[in-house]
Amino acid sequence: MSTIQSLEWRYATKKFDESRMLSQEKIDILKKAFNLTATSYGLQPIRLLVISDKELQKKLLPLTFHQNQVYTASHVLVLCVEKRIDKKYIEDYFKMVHRVRATPEEILTPYREFLVVDFENKPENEIKVWATNQAYLALGTLLTVCAAEGIDSCPIEGFEPEKYDEILNLERLNLESVLVLPVGYRAKDDMFSEFKKVRREITDSVINFPATGD
């Protein structure tokens, strides 16, 4: 399929085929896509949990308001944010930049020092919102890659993050869950897969500048 055909094929899967599991190759593609997603400053304040344990998925079901996709999906991806973006986190990032690109310190130092001061002055809740925005960028990447790879998915915001964090023991990883993405293959009897997409006309959703015509 072309890119547009893949996006037209994609929908928020309501019912997964429990008998079909994603191959390790497909999961590896999603992991790499997540790691390659764009993030502000390149800081990657996000982490991805990949869950393929049915017992654990069953425990997560009531914490996701009994949205059955969490249990029937092949895998459940949980997008998380780092709870602490501090001086050490930023300095570790710049060490990686230097190691990978061999960028001279005289170029890195001003930018690094700017970010350290900037984040030290930001309120904790502002940093959480910023990091969460990066998770949404990653979600968009994952949804698009899923479509391109013929993987079904269903993005979920409706869950209880604090209870997810507790059951997944995310405190030990200094993480907080912010989004859930069950992935797998649609069931043949999921009637929603046959529904036509409801979208505005492109002329209503996209505005050209400078405007053309009347």
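A salt bridge is taken here as a side-chain nitrogen of Lys or Arg within 4 Å of a carboxyl oxygen of Asp or Glu. The model is predicted, and local features need pLDDT of at least 70, side-chain atom pairs count only at pLDDT 80 or more, and totals for chains, interfaces and linings use all residues. Residues are numbered from 1 along each chain as its sequence is written, and side-chain values use heavy atoms, with hydrogens and water left out.

By this criterion, D118, K122 and E126 are linked in a network of salt bridges. Within it, the closest N and O atoms of D118 and K122 are 3.4 Å apart. K122 has a relative accessibility of 22% and counts as partly exposed; buried residues are those under 20% relative accessible area, exposed residues those over 50%, and partly exposed residues those in between (1.4 Å probe, protein chains only).

The whole structure contains 12 salt bridges. Another of them joins K83 and E171, with 2.8 Å between the closest N and O atoms. This pair links distant parts of the chain, 88 residues apart: K83 is in the loop between β2 (75-82) and α5 (87-101), and E171 is in the loop between α8 (161-167) and β4 (175-184). Helices (H or I, at least four residues) and strands (E, at least two) are DSSP runs, numbered from the N terminus. K83 is partly exposed at 33% relative accessible area, whereas E171 is exposed at 55%. R84 and D86 also form a salt bridge, at 3.4 Å from N to O, and D86 is partly exposed at 29%.

Strand β4 pairs with two other strands, pairing being assigned if DSSP finds at least two bridges between the strands. With β2 the pairing is antiparallel over eight bridges, and V78 has V180 in β4 as its bridge partner. With β3 (residues 152-153) the pairing is antiparallel over two bridges, and S153 is partnered by V183 of β4. Nine of the 10 residues of β4 are buried.

In α2, I27, L30, A33 and F34 are buried. These residues cover an arc of only 120° around the axis and therefore lie on the same side of α2, the arc being that of the directions from the helix axis to the C-beta atoms. Exposed residues E25, K32, N35 and L36 are on the face turned away from the buried side. The cover over the buried residues of α2 includes β1 (46-51), β2, α7 (124-148) and β4, where contact means heavy atoms within 4.5 Å.

T103, in the loop between α5 and α6 (105-121), is buried at 15% relative accessibility. Apart from neighbours within four places in sequence, T103 is in contact with V97, H98 and L108.

Most residues other than glycine have a negative phi, and most peptide bonds are trans. Q44, in the loop between α2 and β1, is not a glycine but has a positive phi of about 50°; Q44 is partly exposed at 29%. H66 also has a positive phi, near 55°. H66 is in the loop between α3 (54-60) and α4 (69-72) and is exposed at 57%. F209 and P210 are joined by a cis peptide bond with omega of about -5°, and P210 lies in the segment after α9 (202-205).
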